[in-house]
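Here's a quick tour for anyone opening this entry for the first time. Have a look at the picture, then read on.

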Amino acid sequence: MSHSKNENTFSRRFFIKTSSAFTALALVPHSIKAFYNDIKETYFTKKVVLPIYLKINGKDYNLNADSRTTLLDLLRENLNLTGTKKGCDHGQCGACTVHINGQRALSCLSLAAMMQGKEITTIEGLANGDNLHPMQEAFLEHDGYQCGYCTPGQIMSAVACVNEGHTKSIEEIKEYMSGNICRCGAYNGITNAIKSVAK
Amino acid sequence: MKPFEFHRAINSDDVFKHISTTSKYIAGGTNLLDLMKKHIHEPNTIIDLNSALSNTIEQKNDGIFLGAMTTNTKVTENTIVNKNFPLVSKAILAGASPQIRNMATTSGNLLQRTRCPYFYDTNIPCNKRKSNSGCGALNGHQRMAGIVGTSQNCVAVHPSDFCVALAALDAEVFITKTDSTTEKIPFKDFHRLPENNPEKDNNLSDNAIITGVFIPNNNFGNTVSYVKIRERDSYAFALVSVAAALEIKDDKIKKVRLASGGVAHKPWRWFEAEKFLKNKKASRDNFIKAAELIVSKTKPLPNNTFKVTLLKGAVETALMQCLTNTSNG
Ligand SMILES: Cc1cc2nc3c(=O)[nH]c(=O)nc-3n(C[C@H](O)[C@H](O)[C@H](O)COP(=O)(O)OP(=O)(O)OC[C@H]3O[C@@H](n4cnc5c(N)ncnc54)[C@H](O)[C@@H]3O)c2cc1C
Ligand code: SF4
Ligand code: FES
Ligand code: FES
């Protein structure tokens, strides 16, 4: 009996102690959270989510994205289309080159919100099933890469370069491919690949 | 980037409905987004001008009008531009990359910010970024800095190539202000010198919009040239550039335009040299004298005296190229 009484007393005390501790614990984070939210509302703008519809590689997408999302991040992070690469994220390397309504552009300097109703083609959209695009074949044939990181951007830019007709000479190809930097220096292979497709 | 509201404006009234002290316009986005990622611009609202302003090129009796939203590529592919204003295409094609020119617009190019490395580095003081904070370039790297019209507060240059051609051709900037009134600013008065308030790049009033650029007809034909010297052959901003245009009649220079990029806070016209060449023979001797006159007007900084030599050569080359371009064209 006495044993159980002691046990009861102990457990009652234990209950009171722990429950108040729990109450305190439950209360503190709440007030901190409220305070944090107050501060956040005053000093940080809430993120803005926008509806976006666009076509990527022939497929329609209806999405919601943070207004800050670039086309590059939309492709890579939201849609898992990681073929398009992020090099500099500042328009200086061309790794993120895609086609927007048929024209080559930098996805890192494009807001997803401004792609409303546009047609995007990425490296994933070039091949026809298992058949590579002629430019992809040419890059393989002519060793148009080493590490391969710049390659999706190079190929997208190269396809546009041929469509634009800027392939009359090696010099012209080089000038019109100057927006795509290759850290490995595979430039000769790249220009040869383009020349072979242009013919 | 800081979160922002996004609004696609449908016309200029709609643009002005959404403006505030913390709003920013976006056109191609190639400069604005870059600066936002670096927290140099932190707008609360972004207003997309693409559906609100013209993206067409119109031939007028007295010249050509480039809508604000025409892309740089579209301008270079226009047959009238290439026939009557080849200097414009030459200058645009000397800048950026095909991808960027496909995105960049006429108005965005005029309003792009400087490429001074310290303007981009938020750890270093910069009067242009933050008034009265100091100037990192005054005692720093000066390869990208000016050699004429600089001040103790800022030695940065305007980075555009397109604008050098527009300055040379006496273009006009068409503007609509927030009270819906319009104005035209001659190109030479659009951008400004840094003086005591380098945070202001130009004379556009707050939240006014550029609706387009007008270029008056000229008789230069193909006797024009754009020479750009940079750290690599392509895809780099100018160290110095020269736009030259000549109208030659009876073996004499009837009209001449000389402008430079990479040398000043604004696209710079060399009026004295133009005056010197007028009515003279289009000869290498005279071109060299003009180049000497031009460099005599420069005041380089301690670490960019080399730009004076580059400029001298570029002026002579550009004028000589005008002559070869005529015969080729
Ligand atoms: C890697 C790189 C290399 C480059 N190299 C060169 C070069 O060699 N030569 C060169 O000349 N340029 C070069 N550029 C710069 C490029 O030309 C500019 O970024 C471009 O012209 C800006 O145009 P945009 O339409 O993208 O402007 P945005 O970035 O959209 O806008 C720029 C500014 O203009 C304002 N704005 C735009 N339109 C209007 C309007 N109608 N009314 C009022 N305000 C407006 C915006 O609010 C913003 O502040 C380069 C850029 C990059 C990223
Ligand atoms: S030169 Fe002008 S832009 Fe460059 S650091 Fe000085 S104030 Fe800033
Ligand atoms: S990642 Fe877009 S240009 Fe480098
Ligand atoms: S292949 Fe390595 S960066 Fe081009």
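Which domains of chain B does the shell around ligand 1 draw at least three residues from? It draws on domain 1 (5-50) and domain 2 (224-328), with at least three residues from each. Keep in mind that this is a predicted model. Below, we start at the ligand, move on to the two domains and then stop at a few spots along the chains.

**Around ligand 1**

- The shell around ligand 1 has 35 residues, and the ones that come nearest are B:Y25, B:G29, B:T30, B:T105 and B:D161.
- Sorted by type, the shell around ligand 1 has 18 nonpolar residues, 13 polar ones and four charged ones.
- Three elements of chain B, namely β2 (23-26), α7 (106-111) and β8 (209-216), each put at least two residues into the shell around ligand 1.
- Helix α7(B) gives the largest share of that shell, with four residues.

- B:N109 uses its side chain, where a polar atom lies 3.2 Å from an oxygen atom of ligand 1.
- On its own, ligand 1 would expose 990 Å², and the protein buries 96% of that.

**The domains of chain B**

**Chain A in outline**

- Chain A has six helices and five strands.
- Read from the N terminus, the elements of chain A go α-β-β-α-β-β-β-α-α-α-α.
- Chain A has 199 residues, and 41% of them count as buried.
- Take the contacts in chain A with a separation of 6 or more: 51% of them join residues 24 or more positions apart.
- Chain A exposes about 11600 Å², and 54% of that area comes from carbon and sulfur atoms.

- A:D143 isn't a glycine, yet its phi is positive, at about 55°.
- You'll find A:D143 in the loop between α3 (134-141) and α4 (151-164) of chain A, and with 56% relative accessibility it counts as exposed.
- B:H39 isn't a glycine either, and its phi is positive too, near 60°.
- B:H39 sits in the loop between α2 (32-37) and β3 (45-48) of chain B, where it is partly exposed, with a relative accessible area of 43%.

**A buried histidine: B:H265**

- Is B:H265 buried or exposed? B:H265 is buried, because its relative accessible area is 5%.
- Its place is in a loop of chain B, between β11 (252-261) and β12 (268-269).
- The side chain of B:H265 has a polar contact of 2.7 Å with the side chain of B:K128, and it also reaches the backbone oxygen of B:R192 at 2.6 Å.
- Setting aside neighbours within four places in sequence, B:H265 is in contact with several residues, including B:C154, B:A156, B:V157, B:H158, B:L193 and B:P194.

- Helix α5 (residues 86-93) of chain B is mostly covered, with six of its eight residues buried.
- Those buried residues of α5(B) are B:P86, B:L87, B:V88, B:S89, B:A91 and B:I92.
- B:T324 belongs to helix α13 (residues 306-328) of chain B and counts as partly exposed, at 42% relative accessibility.
- A polar atom in the side chain of B:T324 is 2.9 Å from the backbone oxygen of B:Q321.
- B:T324 and B:S225 are 99 residues apart along the chain, while their C-alpha atoms are separated by 9.4 Å.

Notes. Residues numbered from 1 in each chain as written. Chains lettered and ligands numbered in written order. Predicted model: local features only at pLDDT ≥ 70, side-chain atom pairs only at ≥ 80, totals over all residues. Heavy atoms only, no water. Near = heavy atom within 4 Å. Polar contact = N/O pair within 3.5 Å; in protein donor to acceptor, adjacent residues only side chain to side chain. Areas by Shrake-Rupley, 256 points an atom, 1.4 Å probe, with all protein chains shown as cover. Nonpolar A, V, L, I, M, F, W, Y, C, P; charged D, E, K, R; others polar. Domains from an automatic or database assignment. Buried < 20%, exposed > 50% of the residue type's maximum accessible area, 1.4 Å probe, protein only. Contact = heavy atoms within 4.5 Å.
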